[in-house]
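Keep the picture open while you read.

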Amino acid sequence: MKVAIIGGGPAGLYAAILLKKQRPGADITVYERNRADDTFGFGVVFSDATLDNFEKHDLPSYRRITQEFAYWDDIAVHFRGTVHRVGGNGFCGCSRSKLLLILQERARELGVVLHFEVDIDDETRFADADLVLIADGINSRFREKYIDHFQPEVDLRSNKFAWMGSTKPLDAFTFIFQETEWGPFIAHAYQYEAGHSTWIFETDPETFERAGLTGLDETQSAARMAEIFGWFLDGHKLLINRSMWRNFPMIRSKRWVKDNMVLLGDAKASAHFSIGSGTKLAMEDAIVLAEAMEKAPSIEAALDVYEQGRREEVEKTQHAADVSLVWFEHVDRFWDFDPVQFAFGVMTRSKAITYDNLKLRAPDFVAEVEKSFARQVRDSGFDVDTKKPAVPLFQPFRLREMEIANRAVMSPMCMYSAKEGVPTDFHLVHYGSRAIGGAGLIFTEMTCVSRDARITPGCTGLWNDEQEAAWRRIVDFVHGNSAAKICLQLGHAGRKGATKLMWDGMDRPLDEGGWDVFSASPLPYFPDSQVPRELDRAGMNAVRDAFVASAERGERCGFDMLELHCAHGYLLASFISPLTNTRTDEYGGSLDNRLRFPREIFEALRAVWPSHKPMSVRISATDWADGGITGDDAVAVARAFAEAGVDLVDVSTGQTVRDAQPIYGRMFQTPFSDQVRNEARVATMCVGNITTADQANTILAAGRADLVALGRPHLVDPFFTMRAAAWYGAKDAFCPPQYLPGMDQIFRNSVRDRQDLEELRIKAKPKTRAELKAETTKPLAAE
């Protein structure tokens with residue numbers, strides 16, 4: 001077999017090593033355009049888990065790498081005169097140039113041929129190769145040459161960054177958030193060998209411009225950064241090595257394989273430096289490719305196995321990097337946070353670390369986070385314990401005069417089980433059991449304001465006396481048997497109406513028994529859906545009056561709160577999104593115009609809803625489609641409703657158009673709640689694949705939402721909140737007297753179960769290399 005490798009970075013060299021070990025007789029050649037000792041940057045960083053992977057696949061190179069590494073456990077966050085250190089992270093750093101020399105030496109030992117200062121522009125040099133690895137980096141020539149095939153997407157991020165070095169010693173992975181007269185600067189720094197550390201400086205484009213960095217050369221830029229961070233550098237110099245300011249390119253490629261050519265490392269996909277994964281991804285690409293080559297019957301099959309098997313893991317890492325880089329791009333959102341809450345946000349920004357995980361590793365730090373959160377609750381008027389506080393999920397919250405005992409919310413979820421809009425005994429049990437189960441606040445499903453406002457024939461309504469009586473029965477039960485508050489969500493299906501029950505075909509038009517539908521514009525949801533009638537002024541008046549009448553009925557039912565549904569492509573959402581609103585009158589065009597009718601409805605409701613009771617609005621913060629609503633639009637929408645008197649924004653996303661492409665994952669909609677809360681300065685409720693109390697605590701403690709709505713967890717576990725209260729020892733949780741013996745038992749059992757689980761996790765977690773190294777360097781105890 002003949003293998004040509006374009007690019008002598010970590011991906012290309014490690015692939016050469018692993019393939020040569022598999023096939024000692026193979027002809028493997030690496031072509032690198034730079035000199036052998038040329039390198040961009042200073043240090044690279046790996047986690048202990050990554051080193052474990054290296055140890056399994058090539059022990060000699062692993063041993064040489066680990067001999068050169070600097071190890072540390074702590075992450076240190078410097079912010080507004082404070083330092084918060086979090087241990088147990090297991091990081092290690094190495095000089096990038098030393099890493100390359102180690103891999104070069106190992107490759108030569110195995111018989112790999114290395115050519116340096118060779119610039120290859122076409123395939124003639126390796127026309128006879130059986131396999132060609134394209135590992136020529138983030139600016140890959142071959143990826144660009146075959147751009148129509150590989151179809152790369154390059155997202156050039158907004159922040160500016162420069163990669164420098166220093167002689168400043170560091171004993172932790174260090175984040176420094178520095179306020180200046182021009183705006184915030186961030187330093188990401190870590191030691192990679194004795195007397196040398198990597199420093200990546202980052203700032204937003206406006207601060208970059210105000211600081212006068214535009215046009216400065218490397219030396220001048222380093223001098224400016226030394227001025228800004230001089231208090232920490234303590235006289236140590238900043239070093240430069242191609243340390244130009246640039247924008248980070250987030251690269252994704254639709255295809256990784258062309259014939260016998262395959263992309264590796266940054267050539268195929270990049271991940272932001274804030275999670276330190278670029279070199280890790282590159283070398284793990286080599287591992288997965290080598291494993292595929294060993295097991296597959298042909299090169300073609302191996303490349304297919306590599307691409308199909310590797311893509312998911314790469315995309316997960318990229319998603320975490322995306323979330324992390326967005327946090328750094330918008331660090332100004334959190335600049336007025338309490339420093340300990342800010343540090344918690346740094347630690348949990350990418351979702352890889354959560355509240356419980358952090359509490360296990362850094363209990364003292366999380367204890368400070370809990371106290372900080374409790375102080376904020378006390379400052380809002382609640383008499384809560386700030387010395388031994390409850391976890392964030394079990395801290396109270398107030399909206400106008402409505403107080404809720406905890407931050408756990410049962411999300412609005414359509415049950416499609418009503419009879420002509422009338423809630424049945426199913427609904428009584430459904431809402432009643434979740435209220436008894438301990439949620440601080442429960443939402444009704446979208447309750448329709450008229451018969452033709454329904455999504456399906458099974459949707460609940462509130463337009464007649466029979467429906468009102470049924471809802472009053474449910475509200476009375478909730479108030480009489482629990483401490484939960486209950487919110488009425490009102491909505492109108494618009495163009496998504498007259499459709500089948502969810503389990504018969506969600507959003508598909510009814511075969512018979514349908515009704516006329518209308519929307520902002522005459523655009524059907526599916527090509528075969530009913531074409532909606534464009535709502536005229538008379539129709540708007542009728543819709544407005546129907547909402548008002550339902551709200552008045554809701555007040556008579558005794559609901560504690562009212563929510564207006566302006567999301568998910570339903571009638572009011574269809575006015576807000578430019579994808580569904582093509583009007584040319586005063587209700588179309590600009591966002592202000594598109595908001596005119598939804599805001600009119602909200603203001604009409606606010607006028608009849610009691611002033612002491614809160615109101616919320618549910619919005620789709622993004623349409624997940626080109627040309628649709630964006631996060632920045634969502635901030636403007638939230639501000640508009642706040643001006644009209646909204647107390648809470650229920651931040652959801654999507655479901656506006658059928659060809660949307662949401663990016664799913666744990667807590668996938670939370671970043672939009674974060675943006676709305678911390679830019680529009682309005683209370684938010686987040687929702688979307690939040691499944692555990694641990695995740696809820698993480699979100700709340702980091703200041704990304706004020707309430708956490710859980711849908712599917714509540715479907716299968718009405719007592720989700722009570723179980724969480726027992727797990728976290730929230731003894732003030734309400735329980736009906738009939739259930740007190742059960743509550744007492746679960747609280748007693750949870751103390752033991754939690755202790756057992758934590759002990760098991762501690763025992764199962766191997767010591768980090770930093771811990772092991774520290775043990776070997778301890779002085780012997782005196783005899």
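Before we start, one term: a residue is called exposed when its relative accessible area is over 50%, and buried when that value is under 20%. Also keep in mind that this is a predicted model.

- Let's begin with helix 8, which runs over residues 218-228 and has Ser221, Ala222, Met225 and Ile228 as its buried residues.
- Why do these residues end up on the same side of helix 8? They cover an arc of only 120° around the axis, so they share that side.
- Look at the other side of helix 8 and you'll find Thr219 and Glu227, which are exposed.
- The cover over the buried residues of helix 8 includes strand 10 (152-166), strand 11 (173-179), strand 12 (184-193) and strand 13 (196-203), along with helix 9 (230-233) and strand 14 (238-239).
- At the start of helix 8, check out Asp217: one of its side-chain oxygens comes within 3.2 Å of the backbone nitrogen of Thr219.

- Zoom in on strand 4 and strand 7 (residues 91-95), and you'll see an antiparallel pair with three bridges.
- Ala70 sits opposite Gly93 of strand 7.

- Another open sheet has six strands in the order 8-2-1-9-17-16, and its pairing is mixed.
- Which strands are at the edges? They are strand 8 (113-116) and strand 16 (257-258), each pairing on one side only.
- Strand 1 (residues 2-6) and strand 2 (residues 27-32) run parallel as a pair, with five bridges.
- Ile6 has Tyr31, in strand 2, as its bridge partner.
- Helix 11 (residues 299-329) packs on this sheet, where it touches strand 9 (131-134), strand 16 and strand 17 (261-263). Its direction makes about 15° with that of strand 17.

**The nonpolar cores**

- As background, nonpolar side chains in soluble globular proteins tend to be buried together.
- In this model, the largest nonpolar core has 122 residues, and the ones touching the most other members are Leu133, Phe177, Leu264, Phe342 and Phe365.
- Helix 10 (residues 278-295) gives the most to this core: nine residues.
- Take Phe365: setting aside neighbours within four places in sequence, its contacts are His84, Val86, Val340, Ala343, Phe344 and Leu358.
- There's a second, separate core too, with 74 residues; Val548, Leu564, Val617 and Val637 are among them.

**Ser243, a serine in a loop**

- You'll find Ser243 in the loop that links strand 14 and strand 15 (246-253).
- Is Ser243 buried or exposed? Its relative accessibility is 1%, so Ser243 counts as buried.
- A polar atom of the Ser243 side chain lies 2.6 Å from the backbone oxygen of Trp163.
- Not counting residues up to four places away in sequence, Ser243 touches Phe42, Ala162, Trp163, Met164 and Glu218.

Terms used. Residues numbered from 1 in each chain as written. Predicted model: local features only at pLDDT ≥ 70, side-chain atom pairs only at ≥ 80, totals over all residues. Heavy atoms only, no water. Buried < 20%, exposed > 50% of the residue type's maximum accessible area, 1.4 Å probe, protein only. Helix = DSSP H or I, 4+ residues; strand = E, 2+ residues; numbered from the N terminus. Arc of directions from axis to C-beta. Contact = heavy atoms within 4.5 Å. Polar contact = N/O pair within 3.5 Å; in protein donor to acceptor, adjacent residues only side chain to side chain. Pairing = 2+ DSSP bridges. Core = buried A, V, L, I, M, F, W, Y, C linked by side-chain atoms within 4.5 Å. Axes fitted to C-alpha atoms, helices over the stretch in contact; angles between N-to-C directions.
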